[in-house]
Structure formats: C-alpha cells, structure tokens
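Have the structure open while you read, and go through the points in order.

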Amino acid sequence: MADLRVNLCGLPLDNPIIPASGTFGFGAEFAKWYNLDILGSISFKGTTMEPRFGNPTPRIAECASGMLNAVGLQNPGVAHVIENELPEMAKLFHKPVIANISGFSLEEYVHCAQLLDAQAQVGILEINISCPNVHGGGMTFGTDPKSAAQVTEAVKRVTTKPIFIKLSPNVTDIAQIARACEDAGADGVSLINTLQGMRIDLRTKRPILKNVMGGLSGPAVFPVAVRMVHQVHQAVKIPIIGMGGISSAEDVIEMMLAGATAVQVGAANLRDPYACKTIIEQLPETMERYGISSLKDIIGGVQI
C-alpha cells in the first residue's frame, strides 16, 4: 500500500498536497466541492497587518501555459482573519493550517507572526518575503540575503512554531538567500513564488495589467521551480515546500525527487477546483507505476 505521509518539522501530514496561498482563499469556496480533510494542509490567503484592497484592475492576464496576476495581497487584515476566518476554517478543515504572512516592514511581519503563532490551529508560519506585485515591501526583503535574514531573525524571536520563509525566484542566486534564512534560524523554506512577467494588448499598445507587471504562475514555471528546489536542497539542511506549476501526481513526484518534502498547488486550483483532490487520488497509482512505496523515501532522490 502506498504511503503518502510526510513530516514537516514535526507536523505530520497525511499527504504532501497543500493548496498554495492566494489560490484557495480560506477554503470555503472549495469546501462546496469536496471534503477539505483529504488535504495535507492549507496555506491560507496571504495576511497583512491592515486590510488591503489590492491593486487596481485589470490584475489577471492569461498566457500560454500559465497566468499573470497582480492582485496585490488583497486580504481583510490579521485581526479579521483571527476573529472571523480561522473559526470558519476550523469548521471545514480539521488539521493544522499554514499561516501565510506578508508585510511592508519588520514590525509588520513581527506583529502578524506573533498574533498568528498564538492560534491553536496554525501549525506552521509561512513568511512571504517574495511577493512581486506590491511596492514598498514584499519582494524587497527576499532579494537580499541580509534583509531575508533580518526578517527571519525578527519573526523567530517572537514565535514558537516552525517558520518557513517563502523565497523569490527573481534573484541571481536563490541558494544564497536560502542559506541566509537557514543561518538566521528558519525551520524551512518555501519556493518558488511567481516569476515577474508582462503582457501587452496589441490593440491599445498598453500593458494588460494595470500594475504593468505581474507574477507568472502555472505549468510554464515548473522547470524553473524544479531547478531551484534542487539547488536549494543541495545548499541547506532544512525542509523545503516546493511549488510552481504543479498540476499532476507526476509533477509532485518530480518536485519531491528534486528535494521538496511537501508541495503546494497554486494556479491549477484556479483552472480546476478539483485539482488537489485529483492529484491526491492519483498519487497511489502513480507511485506504483514508478516503483515508489513511500513518498518520504524519494525526497531529494534525483540521481545526478
């Protein structure tokens, strides 16, 4: 019998499939379609200190093998999330969740992390220092090793639960950033966030996105994500949550061979609300086809 179980810093998951932050909201919409308890965990919508309306529209653009988004971290703010969204999530999903946190200063990261760390249903804090669609924060912290380490250290001082730093692919050396986070006390890293991209409307000769540029996600980025997960796995000893274009059970196995302990499914959820469910259901058969009895055994197992 196929063993899908994995362990993230002491947090046992029934399987490695986690809907990615920003593509699953707080789960309510997807709970109408299937039982969310089949998931390994859920990384809920990126949360900031204050409510954010996000960027002006249009902020989504389709492209071959993926999509661009410049949503801009729209969310109701950490106080509302704790008071309203988490209690509702607890009715739909009966396992620990991953709290995805964004900020525009060290103080904001610390404030949100401290509050969410105290919530019983939060098992892991995912610190997003890699959002390419906001100004004055986000990716600014994730493109410099010293800044990434500063955020890691500051959050680690006020939390008791494992923290995973979500890294940007829009850097020269992602392994260097990952090492800086590990040295600063990170328990794990999540990668990759979206790649920066742009589309132009040929009729108006203007950018399709009001924000001009947005984050590219979907199958187009999968080979880049696999490469970066492999590079980071070679550089650090802490676990990796791999993401970027995953849309099938085969993709999950490939990402885990590259070095991921668990994976997040993002854009696929927007195309097909059953994406995570289908992947979980297809994993045992896919594992059998490739002679895999336990997913834990293949982590970082690529033969070079």
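1. Is Lys205 buried or exposed? Lys205 is exposed, at a relative accessible area of 70%; the bands are buried under 20%, exposed over 50% and partly exposed in between, with a 1.4 Å probe and protein chains only. Lys205 sits in the loop between β11 and β12 (206-207). Its phi is positive, about 60°, although Lys205 is not a glycine. As for the element names, helices (H or I, at least four residues) and strands (E, at least two) are DSSP runs, numbered from the N terminus.

2. Before going on, some housekeeping. This is a predicted model, where local features need pLDDT of at least 70 and side-chain atom pairs count only at pLDDT 80 or more, while totals for chains, interfaces and linings use all residues. Residues are numbered from 1 along each chain as its sequence is written, and side-chain values use heavy atoms, with hydrogens and water left out.

3. Next, have a look at Val212. Phi of Val212 is near 75°, again a positive value in a residue other than glycine. Val212 belongs to the loop between β12 and β13 (214-217) and is partly exposed, with a relative accessible area of 35%.

4. Val212 also turns up in a nonpolar surface patch of about 330 Å², made together with Met198, Ile200 and Met213. Patch members have over 30% relative accessible area and no salt bridge; like charges are joined within 9 Å, and nonpolar side chains (Val, Leu, Ile, Met, Phe, Trp, Tyr) within 5 Å. The areas come from the Shrake-Rupley method with a 1.4 Å probe, and for residues only the protein chains shown count as cover. Ile200 is part of strand β11 (residues 200-201) and counts as partly exposed at 44% relative accessibility.

5. Two cis peptide bonds deserve a look. One joins Thr57 and Pro58, with omega about 0°, and Pro58 is in the loop between α1 (28-31) and β4 (60-63). Another joins Leu191 and Ile192, with omega about 10°; Ile192 is in the loop between β9 (188-191) and β10 (195-197).

6. Now the largest pocket, which holds about 820 Å³ of space. For the record, the search runs on a 1 Å grid over the protein atoms alone, and a pocket is an open set of points where a 1.4 Å probe fits, with protein on both sides within 12 Å along at least five of seven lines; lining residues have an atom within 4 Å of a point. The volume is the space filled by probe spheres set on the points, which are joined across faces, edges and corners.

7. Who lines this pocket? There are 40 lining residues, and Ser21, Thr23, Asn69, Thr194 and Ser217 lie nearest the centre. At least two lining residues each come from β5 (66-69), β15 (262-265) and α9 (267-271), and α9 gives the largest share, four residues. By class, the lining has 16 nonpolar, 21 polar and three charged residues. Here Ala, Val, Leu, Ile, Met, Phe, Trp, Tyr, Cys and Pro count as nonpolar, Asp, Glu, Lys and Arg as charged, and the others, Gly among them, as polar.

8. On to the salt bridges, of which the structure holds eight; the criterion is a side-chain nitrogen of Lys or Arg within 4 Å of a carboxyl oxygen of Asp or Glu. In one of them, Lys296 pairs with Asp3, the closest N and O atoms being 3.3 Å apart. Lys296 lies in the segment after α10 (275-289) and Asp3 in the segment before β1 (6-8), so this pair ties together parts that are 293 residues apart in sequence. Lys296 is partly exposed at 40% relative accessibility, whereas Asp3 is buried at 17%. Arg5 joins Asp3 and Lys296 in a network of salt bridges.

9. Another bridge pairs Asp14 with Lys95, the closest N and O atoms being 2.7 Å apart. This pair links distant parts of the chain, 81 residues apart: Asp14 in the loop between β2 (11-13) and β3 (17-19), Lys95 in the loop between α2 (78-92) and β6 (97-101). Asp14 is partly exposed at 47%, but Lys95 is buried at 18% relative accessibility.

10. Finally, a local pair: Lys277 and Glu281 form a salt bridge (2.6 Å, N to O). They are four residues apart in helix α10, so about one helical turn separates them.
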